Amino acid sequence: MTSLALEIAPRERSVSRAAYGLAVVVLGSLVVAGLAQVQIRLGFTPVPITGQTLGVLLVGAALGPGLGAASLLLYVGEGAIGLPFFAGGTHFAHGLVFPTCVGAASAGYLWGFVAAAAVVGWLSRRGWDRRLSTAIGAMLIGEVIIYVAGIPWLDAACGLPSQKGFEFGLYPFVIGDTIKLFIAAGLLPGAWQLLRRFRPTD
């Protein structure tokens, strides 16, 4: 099986595979950056609710493991060099050095984005993104990976006890991330159905 992005790749020889791969990697990073600007900031936690995770899940599933992870690495790099691509138009002014708790709090989630994109992409390459039931499973696994990376980093960066890490970095986002999970899980099978309709198998 293949990923959605590779399935819709131009078939003309004039477009090289490498050029197409680079284009979708850049586009994926911009999709995540755009969705990151959709945010709800809560007063009791330094980590806002954003559209980032929706972008991560969609980009990982659509691009596959290699291109998806590369796209999220590019996204992290773009913010690290000062582009306003992180939540609310922020970036890491000091590169990957985080001088404050607030600046460091989201770093674990960012690295979790890379891992989640790779795993969701790997599952999608095996057909998990083509049916709603398995797409939900893939997106749920991706969400779990993000939190497994993000919460311990939040605890360490801000000196929080483990239970506070869950209170600040997980519980406030469960409803929003569940909604984003179902949106992503619904869009991918729908995209495959449209592709089969307009590009029938020979």
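Mentor: Helix α7 covers residues 132–158, and its 27 residues reach 38 Å from first C-alpha to last, close to the 39 Å expected at 1.5 Å a residue. This is a predicted model; local features need pLDDT of at least 70, side-chain atom pairs count only at pLDDT 80 or more, and totals for chains, interfaces and linings use all residues. Residues are numbered from 1 along each chain as its sequence is written, and side-chain values use heavy atoms, without hydrogens and water.

Trainee: What makes 39 Å the expected span of α7?

Mentor: The expected span is 1.5 Å times one less than the number of residues. α7 has 27 residues. Helices here are DSSP runs (H or I, at least four residues), numbered from the N terminus.

Trainee: Why are α2 and α3 called roughly antiparallel?

Mentor: α2 (residues 17–36) and α3 (residues 52–63) pack at about 160°, with axes 7 Å apart. Axes are lines fitted to C-alpha atoms over the stretch in contact, and angles run from 0 to 180 degrees between N-to-C directions. Over 145 degrees counts as roughly antiparallel, so α2 and α3 are roughly antiparallel.

Trainee: Which residues of α2 and α3 meet?

Mentor: Among them are Val24, Gly28 and Leu35 in α2, and Leu54, Val59 and Leu63 in α3. Contact means heavy atoms within 4.5 Å.

Trainee: Why is serine 124 called buried?

Mentor: Buried means under 20% relative accessible area (1.4 Å probe, protein chains only). Serine 124 has 0%, so serine 124 is buried. Serine 124 lies in helix α6 (residues 107–125). Beyond neighbours within four places in sequence, serine 124 contacts Thr2, Ala61 and Asp129.

Note on methods
Helices (H or I, at least four residues) and strands (E, at least two) are DSSP runs, numbered from the N terminus. Angles under 35 degrees count as roughly parallel, over 145 as roughly antiparallel, 65 to 115 as roughly perpendicular and the rest as oblique. Buried means under 20% relative accessible area, exposed over 50%, partly exposed in between (1.4 Å probe, protein chains only).
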